[in-house]
Structures are given as C-alpha cells and as structure tokens.
Amino acid sequence: MLTIGDKTFESRLFTGTGKFANQQLMLDAITASGSQLATLAMKRVDFKTGGDELLTPLVDSGVNLLPNTSGARNANEAVFAARLSKEMLGTNWVKLEIHPDPKYLMPDPVETFLAAKQLCEEGFIVLPYVHADPVLCHRLEEVGCSAVMPLASPIGTNQGLDTETFLKIIIEQAQVPVVVDAGIGAPSDACKAMELGADAVLVNTAIATASDPVAMAKCFADAVVTGRQAFEAGVAQTSVAANHTSPLTQFLFEK
Amino acid sequence: MNFSDVFRSIEPDKLKLELYSKTERDVRKALVNPQGNIDALIALLSPAATPFIEQMAQLSASLTRQRFGANLALYLPLYVSNLCANECDYCGFTMSNKIKRKTLNQTELQQEIDIIKAKGFDHVLLVSGEHETKVGIDYFEAIFAQVKSAFSHVAIEVQPLKQDEYARLNDHGLDAVMIYQETYQQRTYARHHTRGKKQDFSYRLDTPDRIARAGVDKIGLGVLLGLDDWRLDALLMGHHLAYLEQKYWRTKYSISLPRLRPCTGGITPKSEISDLGLVQLICAFRLFNQQLEISLSTRETPELRDNLLGLGVTNLSAESSTEPGGYANPQSQLDQFEISDDRSTQEIVQVMKAKGFQPVWKDWEAAW
C-alpha cells in the first residue's frame, strides 16, 4: 500500500489520459492498468460549456483524478490553474507541471519551487514534476510537497531511465514518496524503477501510443508489481569480481 | 539582431544549387539524423528524396504519433474584414479587385461567434485583410475581448504589427500570431506585391522577431506554395524556423503549407506543387522538427486531407468560410479564395474517428 497525502493506493502504477485515440480506449487502458490515480491536463477540460467529454467519463469511472498544470509557463499560471482545478473538480490534489520550453518540455525548477511553496501554503496536496535533481527534491519536500515526481528521461520520449544515477540518490534521501514520471517507455523500465525503490511510476505515452494500449497497460501493471516485490525482497548487490556460492576458504573458520 | 540580418548572409542561388545537387546517398544520411539538422532538411526537400517518400512518411507518422498521440486539433478561421491596402496578384482581397468590402461590427461579429461555437469549435483564427488605418490595432483591440470571452485559443492572421501593438493584444489574451512570408525569394516577392506596405519584404521578414519579443506564446510561419520554387521557399522557411527556435526558446511554432488556390482575379501558380510534393514537405518538416505544429486547411481536397491525417499534420480547419460574415451570410462573394473541402465539421470528425484519431476541440486554457 502506498500513502500520499490523504489517500492510500493499492496500485503503484499511475496513468495519464492524453494521446489516446478515443475516450473508450483511454478508459479501457486505465482499467486494465489497475491504476487508481490518473492525471488530467486542465488545459484540455472545457469549463465554459460544462458536460466535458474528457472529464465526464473519467469521473464516472471512479478513478482518482490528479489534475495537472501542463501548459503553465510560470508559477503564477500554475497557481491559477491549481486553484481553478480545485474549484471545478473539488480536489486539492495537483500535479505541478511548469515547462516554458516547448521543445523538450523541461520542467522549470525555479518557477516550480515558487509555485510549490505557494500551493503548499494554501493547503494543496502538491506533486511536482521535476528534473531528477536531488537538491531540488529536498527543497520541495521542505516546503511541504506530498511527493516528488522526477523524470526518467524527457517527457513523451519512451527513452527509459536515463537519469538512473540521480533517481537512486533521490530515492535514498526522500522522506516523501518518489513517483518516477516521464520517459518510461517499456514495462522493463517501470520494473527497473520499482526495483530501485521508487514508490510508484507514472506512465502515459508508452501505453497510449502502443499498438494495443489495453494489453500494454496490463503489462505495465504486472511489471510494477514484480518490480516492487523485487525491491521488497531485496535485490542482490552487483559485483565486479565473481563471488563463489561455495567459498574456498570456509575451512579456515570451521575449527 | 533580427532575422533579416541573418537572411542577408544566406545565398538563395547557392542554396538552390545545393538542393538540386543532393543525391540518394545524402538522403540516406539525412534520414539517420534529421532533427534540427539543416543539411538534412536540404536533402529531405530535394528531388533526390522522391524515391524515399514512403520511408519518410512512415517515420513522420511514427514521430507525430509519439509526440502528439492520436490527437488532431480543430480550429476555424473567423474573417473579420476583407479591406486591404495592398496590391497582391494572387489574393482575392487585393485592393484593385472590385468586390464588396466588409468589416464586421460587434453585432455581426457576435453572430459569427455564436455559429462557430454552435459547431463545437473552441480555437479560432481571426483573419483580416491588411488595412492599417481602417482595420488596425484599435479595431483589433476593440473586438478582442468579445472574441476571447467565447474561445479558449485565439490566433490572428492580420497585417504585420509593431512590437508594442502585439504586446497590447497579448495583454488581452492573444495566444498566437500567424505571419506568412508568402515567398522568401525577394525578386519574386517584389513581383507579386506591387503596392502598399506589404511591399516591405524585410519588415515582414522581421515580424516573428517582434511577435516573440512581445511575449506571444505561439508563432506560425508559412509560404504560399506556387509563387516560386517551393523547395527553396520551404528550405528558407526552415532556416527562419531554426533561427527563431534558437533565439526565442520559450515560443511555440507552427507552419502552414497553403497551395495557391483560384481566387477572384488571381494568377496561376508559377511552380505547381503536386500532392507528392506536399507530402514530401510535411514529412521533411516533421523529421526536421518533431514538436512543430503543422496545419492543414480546407484548401486541399477531402480525399487528400483524409490521407494526410496522421502523416504529420496536427491542426485542421473544417467547414471554413473565407469571407467576413460568411458563417451567418454565406455566398456573398466576399471570399479570399476558394475552398476545396466543403464537408460539414461532423462529417470530418467522423472520418477522423474512423481513422483512429481523437478530435480535440480544446487544448488551451485562456484564463492562464
């Protein structure tokens, strides 16, 4: 079981809702993944007319929604988006996402920190999407973030755990849950992140753009379970030299 | 420094020679590492790339899918005026054309807005002829709040403005500006623009610099395919895009690839681009720039548009009218050019869904 803020999750696989060919496929994939938390881009929700075609089926499905501030280019815009989502969706959870760079969509560490501080002070459950920067994760934790979401590689690229070295440091140091977000491309990447000790992973593009998104969602679900079990079982250390399972010098100590 | 300073150092004749001397070997090399690589773009736009169209299309489709998913954004042009103080021999709005002239007042504008909203659109492109005195910044500023209150994303395609004028509109929530150079070949440009402010090639060329400095979120570039050698025009636009992306890294970019269409009193294309050529262009730009938005207008036929879905385009217009007031009062012969796809929005949406794409009506929150 994983606890973040005021919620407890049995599944450690979080999903996204973007890039699917249609709403039904999105819902079927989320169901197959077993995910209990799905991110939703606030910029896609139609607040003007109500009865939003993206939001309504998600609410009806019962999955917890994690509104994200994708599209925000600075702290002010992100804070506004978070307040809007709280008012419209009735949740104080927010995935804080600020990327002023439209090419690689790199999260802005300065603006993210400023917005996180403000939103935590306002009582939001803040999950910031950040580069795999251990110091920044410390700082975000200090201002009250409920989890940190470092990227594995650039968002939407399916390149896997390019930031593994830094993810290990973040996982080792964090006092809040670490959700590895962005760039996870294959179930093996998700499994590896969980083996490293991540508390959860968030996957969107790798599922939504797979040939069979529903089948792929199930594969990710299995991989996350296996990875977590391996972590809990204690993944054995690696070594450069061979370690014999039958020691050659045992006799010296058997007197 | 503006792009015109960079442009002066580019030798179009030399570039053209390079384009037409590329070989199959150059294209193979370009396909390995095309992103952000101008040398690769030259090869991919060259005649030597023709035998590789299928390979380029496969790559382009797959890159587009990864970056944008199965989403296709829908928008509609909203023509507010056909007044124009320029003489351009390819455009129905050209000053000397004896057509009825019209600028929408607020009541007429509201009628258009209501009809567009009823069709389901939330993104609009506000378009006008280029008449600085009668349809200038004061007019745009006066109507902007009315348009913005109805739509989440409002782009404009009007005459080049000054930086502070863009900034004024930006304060009112302007989301994007489309500014098409028409042709990057200066002698050709001079031949087609014979009167009015549009004659100033460099002022137009530097418009994206002014837009970016004014803090506008997105800039759309474009060339009118058919005025001159389309391969060279597209390549020069690629240079422009690369310059802008490097310098204004916070800005988003889109391109539009309109083919010259018949219009009242219009000319015939000098250099016609085939469907094959258009596909080559779309794919070459997708391979060159994976995050680029590529628009497809109703200038193209239904058959071609349906086949282009998923190949690289990201934004589509549907059921467009190119005349001011044309949604409320169609067929009043005020239009800028003829459209080729006159299917209803719902028909186009059905095709998109049948081909496995999700029509996206809203993908921006104006209030931010």
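1. Over all chains, the structure holds 11 aromatic pairs, where rings of Phe, Tyr and Trp (its six-membered ring) pair if their centres lie within 6.5 Å, and planes under 30 degrees apart count as stacked, over 60 as edge-to-face and the rest as tilted. One of them is the tilted pair of B:F3 and B:Y243, at 5.2 Å centre to centre with 45 degrees between the planes. This pair links distant parts of the chain, 240 residues apart, with B:F3 in helix 1 (residues 3-8) of chain B and B:Y243 in helix 12 (residues 230-247) of chain B; helices are DSSP runs (H or I, at least four residues), numbered from the N terminus.

2. B:F3 is buried at a relative accessible area of 0%, and B:Y243 is buried at 10%, buried meaning under 20% relative accessible area (1.4 Å probe, protein chains only).

3. The pair of B:F285 and B:F288 is edge-to-face, because the ring centres are 6.5 Å apart and the planes stand at 85 degrees. Both residues lie in helix 13 (residues 275-288) of chain B, 3 residues apart, which is about one turn of the helix.

4. Ring pairs also join B:F3, B:F7, B:Y184, B:Y189, B:F201 and B:Y243 into a cluster.

5. B:R210 lies over the face of B:Y203, 3.8 Å from the ring centre; a charge sits over a ring if NZ of Lys or CZ of Arg is within 6 Å of the ring centre and within 35 degrees of the ring normal.

6. This is a predicted model, in which local features need pLDDT of at least 70 and side-chain atom pairs count only at pLDDT 80 or more, while totals for chains, interfaces and linings use all residues. Residues are numbered from 1 along each chain as its sequence is written, chains are lettered from A and ligands numbered from 1 in the order in which they are written, and side-chain values use heavy atoms, with hydrogens and water left out.

Technical notes
Helices (H or I, at least four residues) and strands (E, at least two) are DSSP runs, numbered from the N terminus. Buried means under 20% relative accessible area, exposed over 50%, partly exposed in between (1.4 Å probe, protein chains only).
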